[in-house]
Amino acid sequence: MLRRTVTVLAAAALLAVGAPAAAAQVGPADCVVAVPDGGECGVLTVPEYRAEPGGRTIELPYVRVRSEHPTEPPLVFMNGGPGSGSVQLAGYFSHGLGLRETRDVVVLEQRGGARATPSLHCPGAAAAMADAFTSTDDPYVEFEPAAIAMRDCLDDFEADGGDPRGYTVAETAQDLHDLRLALGYDSWVAYGLSWSTQVMAELARVDPGGVDAVVLDSFSAPDRDFAATAYEGLELSLDRLGERSGGDFPDPYADLLAAADRLDADPVEVEGHNPVTGQPRTFRLTGDDLVTFVHAALYDVELLPVVPYLLDRLADGHTGALSTLVDVGIEELTGHTLGQYWTMQCQDEVAYRRAGAGRASPLIEWLVADEVVCAELGLASPPLPPAPVAFTQPALVLTGGEDPVTPAPAADEGSAGLADRQFLEFPGVGHAVLLNSACGRETIVVWLADPGSDVTELCDRSTPAYAVVGAGDLHPTTRVAQAGLAAGDGDWFALALPAAFALLCLTWLAAWLAPVVAGRGRGRGALLVGVAPLAGTVFLLATGGLLWSAASTLPTQLMVGVPPALPWLGLLLLAGPAGVAFGLRRASARGRVLLAAAGLLWLAFAAWFVVIVLLPS
């Protein structure tokens, strides 16, 4: 422990004065992602742990997109997490935001990330994390296999010469400092998102002459108790959604607690798969699991508007949407480099979370996983708690009004001490303003062109991108979404009946139209025979149009329901039996066989429609 404390203090001293630039090198490298026009790929080589400069080096991929006519300082970006990839977003900044017109864009991968060398990619730990939701044990027991798998992964990492002490916010900030010098830039603008806002704030502090301005998007204040803010953010996000529901869902948080109580009393089994291994799994969901997955869903600007509707249904015992919610939640929890995440968080942050935050009620279980894993790893933390951010450059602080993990009040308070700060909140946005708000992107671009300028009235921040889905906006059924997701996963049998019905209607319509177009069979009887295929085709077109319109407006609403007009279209299906019955009296023996087969298929689809669409779920 003493050795670790001394080396941590030594690292802090090195960062305060700036590590020797000669320690870092850049060189060309194969691209690990598709790069936009003007993009070039390289690798930054730096010491793994700067307090021991004789130790091994690591390689971090980067992408630089050069401007043809640069008139402004470059922008450097690193993604959040920790553990989220970065270089895939080079095109988003350079071309999507149009920054390449006036400046270079540089994006650096995080040390320890999946694309870095070495990588703290620990698939065994991630797979165990997902499998924790297959039992109904106490969460502190459920996550023990993930902790053991992470311990094994870190043991292997150290056996190969790795030094986990190098995987911290401070060392990551120095990577960016070294990259700037190696690329020959006098200064640049730093953009941080979520966790990397801490990195960029530290970079601005230790390299004041090299950082002109800082954007802190979904700011994670290092001196705040991250566990406490996650719990606060969950309740605040749901309260604000309730306020936006127009009285339809006055207290979504109370609905969440009620639904959690139901699941605690009677856990629900949901069939799915482990996203890491691809193996089928039966997830057994308790109230804490629900809370965890709802918290994950609130990150997404398109999921936010349906959460109050979903919780209202769950509180009443309708659990059909849980399968989709599990898919979203498990993917969010395992979709980044968990080995890197835990190695960094266990050293920088977890020790300074509020004692017993994981024992709160309800539980956000990934906070429990952090406690369990960090206890198993036993990595040392800095001797003093993290200090508030402190730099003097202009700062644009952006936050989503319904952000469940870096909530607006925490971001405001945590950045209030910055000397030149502009704080903007975007209602209706969850996590990551850059990715979820058109007004936010416009604001970012204008502010970057003139850091420190007033952009508070630039665009309409008060109107959310999506209204909260109201109680009467949908007919409640989750089976349509389940059938679509199953087909998307390769189970085409889930949509076999609709596909066969569509083929029947089109074939029947063509067979009926052919003689009519040719001038034969224009009598009243022939017209009546055509009622069924016409009605079926109209049904198909109208259904497709309604679903397409709903998906275009807000695709996530189909998780919990369908447009209320859709069940009424089922009346058109009554034309099928009538058309078959009328046709049987006029058809030949062969025609009767075909009509009988068509009638049976029609009735089978009608039954499917009743079960999948009409019956609430």
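Guide: Let us begin with terms. On a 1 Å grid over the protein atoms alone, a pocket is an open set of points with protein on both sides within 12 Å along at least five of seven lines, a cavity is a set where a 1.4 Å probe fits but cannot get out, and lining residues have an atom within 4 Å of a point. The model is predicted, with local features needing pLDDT of at least 70 and side-chain atom pairs pLDDT 80 or more, while totals for chains, interfaces and linings use all residues. Residues are numbered from 1 along each chain as its sequence is written, and side-chain values use heavy atoms, leaving out hydrogens and water.

Visitor: Which residues lie nearest the centre of the largest pocket, and how many line it?

Guide: There are 42 lining residues, and S84, Y299, E332, H336 and H431 lie nearest the centre. The space in this pocket is about 1,000 Å³, a volume being the space filled by probe spheres set on grid points joined across faces, edges and corners.

Visitor: Which helix gives the most to the lining of the largest pocket?

Guide: Helices here are DSSP runs (H or I, at least four residues), numbered from the N terminus. With 5 residues, α12 gives the most to the lining of the largest pocket. Helices that each supply at least two residues include α12 (322-334) and α14 (365-377).

Visitor: What is a nonpolar core, and which residues touch the most other members in the largest one?

Guide: In soluble globular proteins, nonpolar side chains tend to be buried together. A nonpolar core is a set of buried Ala, Val, Leu, Ile, Met, Phe, Trp, Tyr and Cys residues joined through side-chain atoms within 4.5 Å; buried means under 20% relative accessible area (1.4 Å probe, protein chains only). The largest core has 117 residues, with L238, L256, L290, L322, W342 and W366 touching the most other members. Helix α14 provides the largest share of this core, 8 residues. A second, separate core of 33 residues includes Y191, L396, L434 and I444.

Visitor: How many cavities of 30 Å³ or more does the whole structure hold?

Guide: The search finds 2. The largest cavity has a volume of about 60 Å³, and its lining includes F219, R224 and V405. About 50 Å³ lies in the second largest cavity, where helix α11 (residues 307-315) supplies the largest share of the lining, 3 residues.

Visitor: Is R111 buried or exposed?

Guide: R111 counts as buried because its relative accessibility is 0%.

How values were computed: Buried < 20%, exposed > 50% of the residue type's maximum accessible area, 1.4 Å probe, protein only.
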